[in-house]
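Dear colleague,

Please find below the structure that I am handing over to you. My findings follow directly after it.

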Amino acid sequence: MNNRVVLGMYVPTNSRFHSLDPRAKLLVVCWYVVLVFLATSLVENLWLALILGMMMVITKVPFRMYWHGLKPMAWVIAFTVVVQLLFSSGGITYWYWGPFHLTSGGISDAGLVFARFTLVILASTVLTVATPPLQLADAVESIMKPLKVIHVPVGQVSLMLSIAMRFIPTIFDEVETIMNAQRARGAKFDEGSLFKRAKRFVSVLIPLFVTSFQRAEELATAMDARDYYPNGKRTKYRLLRWQKRDWVAVGLMAFVTVGFLVCHWFNIAII
Amino acid sequence: MALCTVKLNQVDFTYQFGTPFAHQALFDLSLKIEHGSYTAVVGPTGSGKSTIMQLIDGLLRPTKGTVSVNGVTVSPSSSLRQLAALRATTGFVFQLPEKQLFAETVIEDVMFGPLNNGQSASAARENACQALQQVGLGKEFEQQSPFDLSGGQMRRVAIAGVLAMKPTLLILDEPTAGLDSQGARQILELVDRLHQQGTTILLVTHHMEQVATYADQVVVINHGRLAFQGTPRKLFADRKLLAENSLRWPAAVSFDHALRDGGVHLPGPVSLSLDELADKLATQLKGRDQDE
């Protein structure tokens, strides 16, 4: 049994957001991410942050879980923000030392980068905590269906996606077990220099690769034994049904976009 | 009073504590394992046996209560380093231990543990050779790749990797799973030999025959609680306890019970092995011959 919380892991609750069609959730979150990239001003970003906060509340998932999703990325965000702060130019220069400049343009760039990173990561976490991975794969397949016309093997791509998603928790468990087995043999994964740690990790990676390949082979054999035919027509066990509430969700996104445009005009007006 | 190697004091353990996935695996569990004993740990799948073993090896931190092994005690507030100290004198053979093999040659893999414990390369090599001999793998295996060996041989290499660290307490989690009967017997005989040389043994198993033949103590775990601790003879004499914990009887025990139910008078407590039962029956029959 695994004893760690995996980034963006599905958290079942009885929220309205959870009960949406996975395609609706995917659409809503993708739409939101597009808006995040279009936002350039403080007002727009505040509006989007407000919407995200509301989405997070609606999912009924404890905020701590979102924090778990954000934490692994904290260093990347901090690094990018600092680079933006010190190396961007434009606007008024407040302070400089050698190649480092602290400018008003840099500060607003850094703020923008920070907002984009946080909002996009949290939005995708909203999607993954509220949607079981296999449903997400189904949604991607359903949305990609039109591509069949241009001979994209949609069924096979989505099968690969489903298999990949299905085995993420299995592989996490496996990593934990192998790490424990090596810890029991005295391996200390959290001590020593970076180089030493990387070298010690070989004792986890090799067994992990070996078992993953074995598993892949077994899975392929099992699929063959059940007469799997890549281009065969197959029906679904879990059917996706687009309901009224899914239209409501998409409609609310349209409202969010209107609000976004209002913020945009407001921003131009005060400048 | 014999020395206690392992002491669990009112231990609770919850997986993913403080998250929506929290799942309590152990409830107020107290347990003592005496130094030099051979203890079998039995119970249904998912009853918490493996969790207990991982607590004893310092791979998990108790949520409540304390765990002591060979004089080192950890509590919920202990650091990772303190947990690691539990491992110093403990060897843990995991389920399907051949999954942990990684090195290019057998000898390098077995040396991994001793080297991690800070031994010099020559001392580690010496211990590794010795451990390989103990598991019955000769010099010719040392330079082979562990991935070229058969399943049973891989398992023995993995066990050698633990023995090379010279543990005084050896935990084995179903070491015979998936082996043929000969491979299983070799491993059990090896464990028995280690026990006779003074190693304390903790064996997690589903085979009641192994419990009856080798163990001198049994611990029964059910739903994360201690259901029984005592000698195998006491456990197998208690039919209600066996049924409650869905434990199977060894062949000798069911014969013994069936004979007694059928009105055959057998002397003494329940027999643990077929030989013992046969001896009892033989004296019984002889006695009757003399009476007639």
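In chain A of this predicted model, Pro22(A), Arg23(A) and Leu26(A) of H1(A) are in contact with Gln135(A), Leu136(A), Asp138(A), Ala139(A), Ser142(A) and Ile143(A) of H6(A). Contact here means that the C-beta atoms of two residues, placed from the backbone, lie within 7 Å. Helices (H or I, at least four residues) and strands (E, at least two) are DSSP runs, numbered from the N terminus. The axes of H1(A) and helix H6 (residues 133–144) of chain A come within 8 Å and cross at roughly 80°, which makes H1(A) roughly perpendicular to H6(A). Axes are lines fitted to C-alpha atoms, for helices over the stretch in contact, and the angles run from 0 to 180 degrees between N-to-C directions. Angles under 35 degrees count as roughly parallel, over 145 as roughly antiparallel, 65 to 115 as roughly perpendicular and the rest as oblique. Five nonpolar, two polar and two charged residues make up the contact of H1(A) with H6(A). In this classification Ala, Val, Leu, Ile, Met, Phe, Trp, Tyr, Cys and Pro are nonpolar, Asp, Glu, Lys and Arg are charged, and the others, Gly among them, are polar.

On conventions: residues are numbered from 1 along each chain as its sequence is written, while chains are lettered from A and ligands numbered from 1 in the order in which they are written. Since the model is predicted, local features need pLDDT of at least 70 and side-chain atom pairs count only at pLDDT 80 or more, whereas totals for chains, interfaces and linings use all residues.

Two further helix pairs of chain A deserve a description.

Helix H3 (residues 63–70) and helix H5 (residues 104–130) of chain A have axes that come within 10 Å and cross at roughly 120°; H3(A) and H5(A) are therefore oblique to each other. The crossing of H3(A) and H5(A) is right-handed. A crossing is called left-handed if the near helix is turned anticlockwise from the far one by less than a right angle, and right-handed if clockwise. H3(A) contributes Met65(A), Tyr66(A), Gly69(A) and Leu70(A) to the contact, and H5(A) contributes Thr118(A), Ile121(A), Leu122(A), Thr125(A) and Val129(A). Of the residues in this contact of H3(A) with H5(A), six are nonpolar, three are polar and none is charged.

For helix H7 (residues 154–184) and helix H8 (residues 194–225) of chain A, the axes come within 10 Å and cross at roughly 135°, which makes H7(A) oblique to H8(A). H7(A) and H8(A) also form a right-handed crossing. Ile171(A), Glu174(A), Val175(A), Ile178(A), Met179(A) and Gln182(A) of H7(A) meet Ser203(A), Val204(A), Pro207(A), Leu208(A), Thr211(A) and Ser212(A) of H8(A). The contact of H7(A) with H8(A) comprises seven nonpolar residues, four polar residues and one charged residue.

As a whole, chain A contains nine helices and two strands, arranged along the sequence as α-α-α-α-β-β-α-α-α-α-α. Its C-alpha trace spans about 70 × 55 × 40 Å along the principal axes. Chain A has an average pLDDT (the predictor's confidence in each residue, from 0 to 100) of 87, and 97% of the residues score at least 70. Within chain A, confidence is highest in helix H1 (residues 22–38), at a mean of 94, and lowest in strand S1 (residues 93–97), at 81.

Chain A is divided into domain 1 (1–131 + 244–271) and domain 2 (133–240); domain bounds come from an automatic or database domain assignment. The C-alpha centres of domain 1 and domain 2 of chain A are 28 Å apart. Their contact involves eight residues from domain 1 of chain A and 11 residues from domain 2 of chain A.

Chain B is likewise divided, into domain 1 (4–247) and domain 2 (249–292), with 35 Å between their C-alpha centres. Here the contact takes 10 residues from domain 1 of chain B and nine residues from domain 2 of chain B.

Finally, I turn to the interface between the chains. There, 26 residues of chain B are in contact with 23 residues of chain A. Helix H2 (80–86), helix H3 (106–116) and helix H5 (151–163) of chain B each supply at least two residues of the side that touches chain A, and H3(B) provides the largest share, three residues. That side of chain B consists of 15 nonpolar, eight polar and three charged residues.

With kind regards
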